[in-house]
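Trainee: Hi, could you walk me through this one? I'm new to it.
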Amino acid sequence: MELDFGKIARIKDIQERLEELSEEEKDLSSPLLTDIRLVREIYDIFSGMVENPASAAQRKKFIFIILYLFSPGTLAGGKMASGLRGAIANAIGVKSHSSVSNKSADMLFIYQHYEYFRKEVGRIFTEVTRRLEEKGLISVPDVLAT
């Protein structure tokens with residue numbers, strides 16, 4: 001059997017690429033907002049913008065927006081930021097925190113495959129962030145920088 005030093009070079013290349021990808025994933029998964037006390041404020045704004053905010057369809061839009069702002073990696077199958085599930089459940093008025101996790105499981109699929117959902121989420125997101133900025137609670141350029 002012959003030694004294949006090219007194998008070592010390929011391993012090193014793979015390790016470097018994995019490290020780069022890990023750093024990129026970390027950057028993309030960084031939350032845009034971290035103060036989960038804003039979840040209730042965002043829900044109040046959201047509720048004033050949509051019809052029947054307690055409906056399942058509207059809750060999904062709200063949860064998507066909150067996850068995007070506070071825990072974007074969750075939308076790609078990662079873990080939810082600590083305390084966020086409870087903050088969402090309290091804001092939308094559900095007792096079972098697991099229902100928040102259950103709704104978040106299919107969010108990316110819905111966003112990718114349903115144009116109406118995607119457009120509505122975009123519209124609501126833009127308006128919510130504008131109103132939060134007006135109240136001095138966030139800086140929109142910071143939120144939109146991804």
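Trainee: Which helix does F5 lie in?
Mentor: F5 belongs to helix α1, residues 5-29; helices are DSSP runs (H or I, at least four residues) numbered from the N terminus. A heads-up: this is a predicted model, where local features need pLDDT of at least 70, side-chain atom pairs count only at pLDDT 80 or more, and totals for chains, interfaces and linings use all residues. Residues are numbered from 1 along each chain as its sequence is written, and side-chain values use heavy atoms, leaving out hydrogens and water.

Trainee: Is F5 buried or exposed?
Mentor: F5 is exposed, at 62% relative accessibility. Buried means under 20% relative accessible area, exposed over 50%, and partly exposed in between (1.4 Å probe, protein chains only).

Trainee: New topic: which residues touch the most other members of the largest nonpolar core?
Mentor: V39, I42, F62, F70 and I88, out of 36 residues. Such a core joins buried Ala, Val, Leu, Ile, Met, Phe, Trp, Tyr and Cys residues through side-chain atoms within 4.5 Å. Its largest share, eight residues, comes from α3.

Trainee: And how many salt bridges are there?
Mentor: Twelve, counting a side-chain nitrogen of Lys or Arg within 4 Å of a carboxyl oxygen of Asp or Glu. One of them pairs E115 with K119 (2.9 Å, N to O).

Trainee: How far apart are E115 and K119 in helix α8?
Mentor: Four residues, so about one helical turn separates them. E115 is partly exposed at 45%, while K119 is exposed at 55%.

Definitions and conventions:
Helices (H or I, at least four residues) and strands (E, at least two) are DSSP runs, numbered from the N terminus.
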